[in-house]
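The questions here set each label against its rule.

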Amino acid sequence: MMFRARKPLLPKAAAVTAVLALTLTSCGGSPQASDGPVTLRFSWWGSDTRHKMTEKLIEAFEAENPNIKVKGEYGDWSGYWDKLATQVASQDAPDIIQMDAAYLGEYSGRGALLELKDVDLSKFDQPVADSGKVEGKQYAVTSGVNAMVVMANPALVSASGVALPDDKTWTWDQLDSTAAAITQASGGKVYGTGQVNSDAAANLWFRQHGKSLFTGDGKLGFDESDLAEWYEYQAKMRDSKAVPPASVITEDATASIDQQGLSTGKFAMNMYWSNQLGALSKASGQDLEIRRPPSVDGKAADAQQFYKSSMFWSASSRTKHPAEAQKFIDFVTNNAKAGEIGLADRGIPANSDIRAAVVSKLTPADAKTAKFIDEISSELGGAVPVPPAGGSAAVEALTRYSLEVHFNRLSPQEAAKKALDEAKSALL
């Protein structure tokens, strides 16, 4: 279960992998632009609002590039990846592809994606630029960024009489003790925080201990003792009642956003991706605060914070128009008009100049998020490696066994052994 992404597990992943394995070969096109008119196919998923906005992006691009026409192919998330796998297998892939991190390693590894050598990434923080690299090659460009944060309801925190520590200096132990104090002060009516057992939180924990969720060569970046330590922290929060019972954690993970504990006033804090601030503030009726996640040593500069790519732009390795495909990706990434059209729909703009240019046009929640993204830019750790094939099943195992700890059905050591065995099998 990917942290607060609210997306289903990869659809028919085994079938997708099998189809790709049968058909894909690494190839590329000429980087030279065509002399005559060109038509590019562009596929994306999203809501009706995104479809209309993307059509405006296409119109703006065509206005500046009259010899290039862009034909849109779009749908919802549920059918997008099966359709793309079939198109790639039949050598009929779109020229430009809206890509997700969960699939980037699989498609690039099978030779389906074009190396993007001609897209300007000079205004990207280096870890953000590197997030689209696989084995040192740029196969994707981040459309926008989010960060993992602790969101807090100031009204509930104030009512508890418990002061939140400075988010630049608080530790994981302080998160536990502060949340436990809030739970106790409310008599159990409000829990200090919701779940802290996601794969994203685990990755941050591992990074702060010199490890990682995955490595650049597609393996697990931690061992059994590392995972047991993470599960021991889960047990600590369980026993202190900093977090709710396991049954509540389980229900909250699958609830709609307006029914989650932070929205209904049952949690004073919870960990989310920053782009969910607007929806959660609206659902809760509160001006929620964004706070940094804790660190091991109480130093934000050492917290190994990272930007999560909301999604990516990629191009097919079989495109007959690689120069024009990259020109389109460069436009939606670096053009000021494109930034004003897209705003924060695909995440806070990754290009720092575009981010600064559009911040006054963002909603209050998105503007607050953009400000936070800028504030932590000097605190970023290295780029998070692209998840390998099987990565989704691996992180699902980690989250599932963390719940076994919260239910007190397995010790942290027992859960770590079982979770690691399953995660390793998923990556084979």
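What follows is a set of questions and answers on charged pairs, accessibility and backbone angles.

This is a predicted model, in which local features need pLDDT of at least 70 and side-chain atom pairs count only at pLDDT 80 or more, while totals for chains, interfaces and linings use all residues. Residues are numbered from 1 along each chain as its sequence is written, and side-chain values use heavy atoms, with hydrogens and water left out.

Q: Why is the contact of arginine 50 and aspartate 345 called a salt bridge?
A: A salt bridge is a side-chain nitrogen of Lys or Arg within 4 Å of a carboxyl oxygen of Asp or Glu, and the N to O distance between these two side chains is 2.7 Å, so the pair meets the rule. The two residues lie 295 residues apart, arginine 50 in helix α2 (residues 48-64) and aspartate 345 in the loop between α14 (336-342) and β10 (348-349); helices (H or I, at least four residues) and strands (E, at least two) are DSSP runs, numbered from the N terminus.

Q: What makes arginine 50 buried or exposed?
A: Buried means under 20% relative accessible area, exposed over 50%, and partly exposed in between (1.4 Å probe, protein chains only). Arginine 50 has 10% relative accessibility and therefore counts as buried, whereas aspartate 345, at 28%, counts as partly exposed.

Q: Why do lysine 123 and aspartate 353 form a salt bridge?
A: Their closest N and O atoms are 3.6 Å apart, which is within the limit, so the label applies. This pair links distant parts of the chain, 230 residues apart, with aspartate 353 placed in helix α15 (residues 352-358). Lysine 123, at 38%, is partly exposed, and aspartate 353, at 43%, is partly exposed as well.

Q: How do you know that glutamate 396 and arginine 400 are separated by about one helical turn?
A: Both belong to helix α17 (residues 391-406) and they are 4 residues apart, so about one helical turn separates them.

Q: Why is glutamine 91 called exposed?
A: Its relative accessibility is 52%, which is over the cut-off, and glutamine 91 therefore counts as exposed. Glutamine 91 lies in the loop between α3 (77-89) and β3 (96-99), and its phi is near 60°, a positive value in a residue other than glycine.
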